Amino acid sequence: MRKVILFIAMSLDGYIADREGGVDLVQQLWKEDLIDVYYISVIPILLGNGIRLFGENGSRIPLKLVKTQSYNGITDLIYERRGTVHSSNQ
């Protein structure tokens, strides 16, 4: 079975793009729980607004932190999906 791996950077306050950015690909994969591994680089900047990496989707997706590393002020967080998805609508 193929794994879907997300590589993305976000600001410290959780934004991946300013208001003009487009991130529909990422949002749709996340909402449908198709991402198996998350490689998230946290950039040390506060954007204050824009497009959030994770919006509301009505479900909890449990993740397990498998690795971290820091360099030049950037922190990489690597998570794998753990267990089953729990819908908050149930």
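This is a dialogue about reading a predicted model of one protein chain.

Reader: What should I know about the model before I look at single residues?

Author: The model is predicted, so to speak of a local feature requires pLDDT of at least 70 and side-chain atom pairs count only at pLDDT 80 or more, while totals for chains, interfaces and linings use all residues. Residues are numbered from 1 along each chain as its sequence is written, and side-chain values use heavy atoms, with hydrogens and water left out.

Reader: How many helices and strands are there in the chain?

Author: Helices (H or I, at least four residues) and strands (E, at least two) are DSSP runs, numbered from the N terminus. Here the chain has one helix and eight strands, and along the sequence they follow the pattern β-β-α-β-β-β-β-β-β.

Reader: What share of the residues in the chain is buried?

Author: A residue is buried under 20% relative accessible area, exposed over 50% and partly exposed in between, with a 1.4 Å probe and protein chains only. Of the 90 residues in the chain, 28% are buried.

Reader: Which residues have the most contacts inside the largest nonpolar core?

Author: A nonpolar core is a set of buried Ala, Val, Leu, Ile, Met, Phe, Trp, Tyr and Cys residues joined through side-chain atoms within 4.5 Å. The largest one has 13 residues, and those with the most contacts inside it are L6, I8, M10, Y38, I40 and L53. Two or more residues of this core come from each of β1, α1 and β3.

Reader: Where does L6 lie, and which residues does L6 touch?

Author: L6 lies in strand β1 and counts as buried because its relative accessibility is 9%. Contact means heavy atoms within 4.5 Å, and, leaving out residues up to four places away in sequence, L6 touches V26, I35, V37, Y38 and Y39. One of these, V37, is 31 residues from L6 in sequence, yet the C-alpha atoms of the two are 6.3 Å apart in space. Y38, with its neighbours within four places in sequence set aside, is in contact with L6, W30, F54, I61, L63, L77, I78 and Y79. For the chain, among contacts between residues at least 6 apart in sequence, 74% join residues at least 24 apart.

Reader: How many aromatic pairs does a search of the whole structure find?

Author: Rings of Phe, Tyr and Trp (its six-membered ring) pair if their centres lie within 6.5 Å; planes under 30 degrees apart count as stacked, over 60 as edge-to-face and the rest as tilted. The search finds one pair: F7 and Y39 are stacked, at 4.4 Å centre to centre with 25° between the planes. The pair links distant parts of the chain, since F7 is in strand β1 and Y39 in strand β3, 32 residues apart. F7 counts as exposed because its relative accessible area is 60%, whereas Y39, at 30% relative accessibility, counts as partly exposed.

Reader: Which residues have a positive phi although they are not glycines?

Author: Most residues other than glycine have a negative phi. Among the residues with a positive phi here are D33, at about 55°, and N72, at about 50°. D33 is found in the loop between α1 (24-31) and β3 (37-43), and N72 in the loop between β6 (63-71) and β7 (74-81). N72 counts as exposed because its relative accessible area is 77%.
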